[in-house]
Amino acid sequence: MIAIIALGLSAAADGPVLARAPLIRGNPSKWFAGIYPKEAALAREQGTTVVFLEIDATGTITKCTVQKSSGSAALDEATCQVALTRARYKPGEDTEGCPLASTAVLPVTWALP
């Protein structure tokens, strides 16, 4: 079972002013459906991984960095792998509605049934 607890969003460091943070497209819980790493499940590893995502002006995640580890390398790696391949965002926008590169924080709680 994977739980997406909360999503914190922030603006890009440099450049135009971010007027609207990036928006999640779809259901983040579905991104992680059926993804529990086998080695983590066998070892009964659980926990919350918090990742920092860099999102380009098209809404594509270009970089994922673990901000807080779950205590399991397999779960942390899976979080970034899923974020980079399955996560979808509508990019942030400046005050004129133009898409901008921005960032988001994504916490994912991994729990075995």
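This is a tour of one protein chain, taken as a series of selections.

Before selecting anything, note that the model is predicted: local features need pLDDT of at least 70, side-chain atom pairs count only at pLDDT 80 or more, and totals for chains, interfaces and linings use all residues. Residues are numbered from 1 along each chain as its sequence is written, and side-chain values use heavy atoms, with hydrogens and water left out.

**Whole chain**

Show the protein chain as a cartoon: it has 3 helices and 10 strands. Helices (H or I, at least four residues) and strands (E, at least two) are DSSP runs, numbered from the N terminus. Followed from the N terminus, the order of elements is β-β-β-β-α-α-β-β-α-β-β-β-β. Of the 113 residues, 40% are buried; buried means under 20% relative accessible area, exposed over 50%, and partly exposed in between (1.4 Å probe, protein chains only). Among contacts (heavy atoms within 4.5 Å) with a separation of 6 or more, 72% are between residues 24 or more positions apart.

**Cys64 and Cys80**

Select Cys64 and Cys80 and show their side chains. A disulfide joins these residues, with an S to S distance of 2.1 Å; the term stands for a pair of cysteine sulfur atoms within 2.5 Å. Cys64 lies in strand E6 (residues 61–68) and Cys80 in helix H3 (residues 73–85), so the pair, 16 residues apart, links distant parts of the chain. The Cys64–Cys80 link is left-handed, with -75° about the S-S bond. Both ends are buried: Cys64 has 15% relative accessibility, and Cys80 has 11%. The count of disulfides comes to 1. Now select Cys98, which is partly exposed at a relative accessible area of 37%.

Glu54 stands opposite Lys63 in E6. E5 and E6 form a hairpin with 5 residues between them, and Gly59 in the turn has a positive phi of about 95°.

**The largest nonpolar core**

Finish with Trp31, Leu53, Tyr89, Leu106 and Trp110, which touch the most other members of the largest nonpolar core, a set of 22 residues. Such a core is a set of buried Ala, Val, Leu, Ile, Met, Phe, Trp, Tyr and Cys residues joined through side-chain atoms within 4.5 Å. Strand E5 (47–55), E6, H3 and strand E10 (102–110) are the elements that give two or more residues to this core. Color H3 separately: this helix gives the most, with 6 residues.

Methods:
Two strands pair if DSSP finds at least two bridges between them.
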